[in-house]
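Dear colleague,

Please find the structure below, handed over for your study. My notes on what was found in it follow.

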Amino acid sequence: MMVVVMKPGAQRREIEALANQFKDMGVDVGVTNGVGCSILGLVGDTSQVDMGKIMLNPAVDRVMRVQEPYKKANRKFHPEPTVVKVGPTQVGEGGVTVIAGPCSVESENQIVDVAQAVKKSGAAMLRGGAFKPRTSPYSFQGLEAEGLDLLLEAKAKTGLPIVSEIMSPKFCEVFEEKVDVVQIGARNMQNFDLLKEVGRMSKPVLLKRGLASSYEEWIMSAEYILAGGNQNVILCERGIRTFETYTRNTLDISAIPAIKRMSHLPVIVDPSHASGASWMVEPLAMAAIAAGADGILIEVHNDPPHARCDGQQSLTPVQFDALMKKIGGMVDLMGKELVK
Ligand code: PEP
Ligand code: MN
């Protein structure tokens, strides 16, 4: 749906010519002639209408879309919330699902130890990066394919489904085979080729918000995946860039109620990357659950000072256990269940 406002002096023939142009595109047009100003109301599929080109018409004053450009992700056309099923567990309405694990998989001992610890404390899924998007090419890039195999060993020992980040479409096949949830990182949120490819996969996708992306841009990225046929997308708020430098990013709590109003997709929060500081993870996790998040993603490492990536924001298994006890009360307060 769109509205085109004509300039006060627009001639009747100019208005008619424009209306016919839209009709030729298969769009229904209603013309309202007011005192000194006319508007065209466009109803139907206006996805092919180019707002910029309409503005080139000298008789046009303004053009507005009065409907969101996302369809499949839109709550208006899909009022019931989506619950994403992952093996024995799920993410969505009525529950709080906790995903925990190290930033990167480092060794068999490390990932199995962390997996057993977070499972004992009540996490429902294990995370671990095998392919790491690092700012510097000289930083640890992850164990790559071997990391996925170590995650599978940890899964075999704990039963926890595994979440890992994909960075390139060339790995879709191996991720399809080995992981339970495919993560798209903040840096790749607008890698449209990658979004199209994971849209063809059968595995659920955890889509992080881009470093400086609006809600609409983020939902449009989810729309790419849904349009490809994959309906299982979990959105993850992980903090955005602002002028504040005290924290690594700024956690946008408003994203939770806003996204829930705009879309039916579940929303989880990653307080680890949002804050960049382990001591801030607990209050932000509590706030996320209080604001209605469907889950949280927490970095946990068995030896944070020696972690190869993101040690400063990682909780120890003991700290994670304390966090789980603390959030239990908040989950109850929200009338929700901690998802096993
Ligand atoms: C991660 O989850 O380890 C990660 C790299 O996150 P983000 O893409 O949000 O920075
Ligand atoms: Mn990390």
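The chain is divided into domain 1 (2-65) and domain 2 (84-339), with bounds that come from an automatic or database domain assignment. The C-alpha centres of domain 1 and domain 2 lie 45 Å apart.

Please note that this is a predicted model, in which local features need pLDDT of at least 70 and side-chain atom pairs count only at pLDDT 80 or more, while totals for chains, interfaces and linings use all residues. Residues are numbered from 1 along each chain as its sequence is written, chains are lettered from A and ligands numbered from 1 in the order in which they are written, and side-chain values use heavy atoms, leaving out hydrogens and water.

Strand β1 covers residues 2-6, and four of these five residues are buried, so the strand is largely enclosed by the rest of the structure. Buried means under 20% relative accessible area, exposed over 50%, and partly exposed in between (1.4 Å probe, protein chains only). Strands (E, at least two residues) and helices (H or I, at least four) are DSSP runs, numbered from the N terminus.

Two strands pair if DSSP finds at least two bridges between them. β1 pairs with β4 (residues 60-65) in the antiparallel sense over five bridges, and M6 stands opposite V60 in β4. β1 is also joined to β3 (residues 37-43) by four bridges, again antiparallel; here V4 stands opposite L40.

The manganese ion (ligand 2) is coordinated by C103 (SG), H273 (NE2), E299 (OE) and D310 (OD), at 2.1 to 2.4 Å. Donors are N, O and S atoms within 2.8 Å of the metal (3.2 Å for Na, K and Ca); water is not among the atoms, so sites may look incomplete.

Yours sincerely
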